[in-house]
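Work through the exercises below with the sequence and the coordinates at hand, and try each task before reading its solution.

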Amino acid sequence: MTQRLTPGTAALLVTAPLLWAGNAVVGRMVHDLVPPITLNFLRWVLALALLLPFTHQVLRPGSPLWPHWRRYALLGLLGVGLYNALQYLALQTSTPINVTLVGSSMPVWMLAVGALFFGVRVTRQQLAGAALSMVGVLTVLSRGEWSQLLALRLVAGDLFMLLATISWSFYSWLLVRTSEPASVRGDWAAFLTGQMVFGLAWSGAFASAEWATGHTHIAWGWPLVAALLFIAIGPALAAYRCWGIGVQRAGPAVAGFFSNLTPLFAALLSAAFLGEAPSGYHAVAFALIVGGIVVSSRR
């Protein structure tokens, strides 16, 4: 299930958090332009439209995908229907620092889900790596001043992000439980298309419920169109491709530590777009997060 963490695998697992950090920044920027669950639905509609011309054969009658439809329906629910919808929903009521803090618990949930539901033993090195990496995340969130963490107040959005994090943990573990034929699993685009088809059914149902509650305002324009193009091509297609390969190579437990790079990248992207220069604590946090990855992945 796992291989040694090579530079190539590490690069894949770094690319995904970088793109997801951009997803969080863009999602916050357009939160007044489109309802959050509708944003998730539009994102995946566009992503499927871009991918389908190359993968439509996997949906034909008699495809080896259909005997495994229950697995793909579950992957689509967790990875497409729930995760980003909950994240976008969290950004409506919670501050970015709170959302990032809750999301930084990913390695802990990865280890817990693996131990409780997949029978994977948690090692002392993984626990030590999780602690070291979490300190790095807290360094970013506190901006080097730990007293700022005491001012945090949990709101409904934090619960949504917690549910999103748990959903992604289950999704990542299910990725390595291979049961479908190699003709589907070996083609990353076909594999993702299968998830997206079922995921769109879930996210479409969730978006319909959102519209039924009166959240129907969409401010169409170039800002929203550009945002949709970015989150469909980058965080959706490219990031899911990188994460899927990285998880298969390194395993979900090790891959989970790389998710802690997301808040660091988010801070750097915010600095780039808002004109705020990086501080010394960014370097300290980066060293701690990378140290946690190295410690957890040692044999």
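**Confidence and conventions**

The protein has a mean pLDDT of 84, and 91% of its residues reach 70 or more, pLDDT being the predictor's confidence in each residue, from 0 to 100. This is a predicted model, in which local features need pLDDT of at least 70 and side-chain atom pairs count only at pLDDT 80 or more, while totals for chains, interfaces and linings use all residues. Residues are numbered from 1 along each chain as its sequence is written, and side-chain values use heavy atoms, with hydrogens and water left out.

**Exercise 1.** Find where in the protein confidence is lowest and where it is highest.

*Solution.* Helices are DSSP runs of H or I with at least four residues, numbered from the N terminus. Confidence is lowest in helix α4 (residues 96-103), with a mean of 68, and highest in helix α2 (residues 36-55), at 94. Where pLDDT is low, the predicted coordinates should not be read in detail.

**Exercise 2.** Compare the span of helix α9 with the expected one.

*Solution.* The expected span is 1.5 Å times one less than the number of residues. Just after α9, glycine 214 takes a positive phi of about 100 degrees.

**Exercise 3.** Describe how α9 packs against helix α10 (residues 222-250).

*Solution.* First, take the axes as lines fitted to C-alpha atoms over the stretch in contact, with angles from 0 to 180 degrees between N-to-C directions. The angle between α9 and α10 is about 120 degrees, and their axes lie 11 Å apart. The two helices α9 and α10 are therefore oblique to each other, given that angles under 35 degrees count as roughly parallel, over 145 as roughly antiparallel, 65 to 115 as roughly perpendicular and the rest as oblique. Next, list the contact (heavy atoms within 4.5 Å): Trp188, Leu192 and Met196 of α9 meet Leu237, Tyr240 and Arg241 of α10.

**Exercise 4.** Describe how helix α7 (residues 156-175) packs against α10.

*Solution.* The axes of α7 and α10 are 9 Å apart, at an angle of about 60 degrees, and the two helices α7 and α10 are therefore oblique to each other. On the side of α7 the contact involves Trp168, Tyr171, Ser172 and Leu175, which meet Tyr240, Trp243, Gly244 and Val247 in α10.
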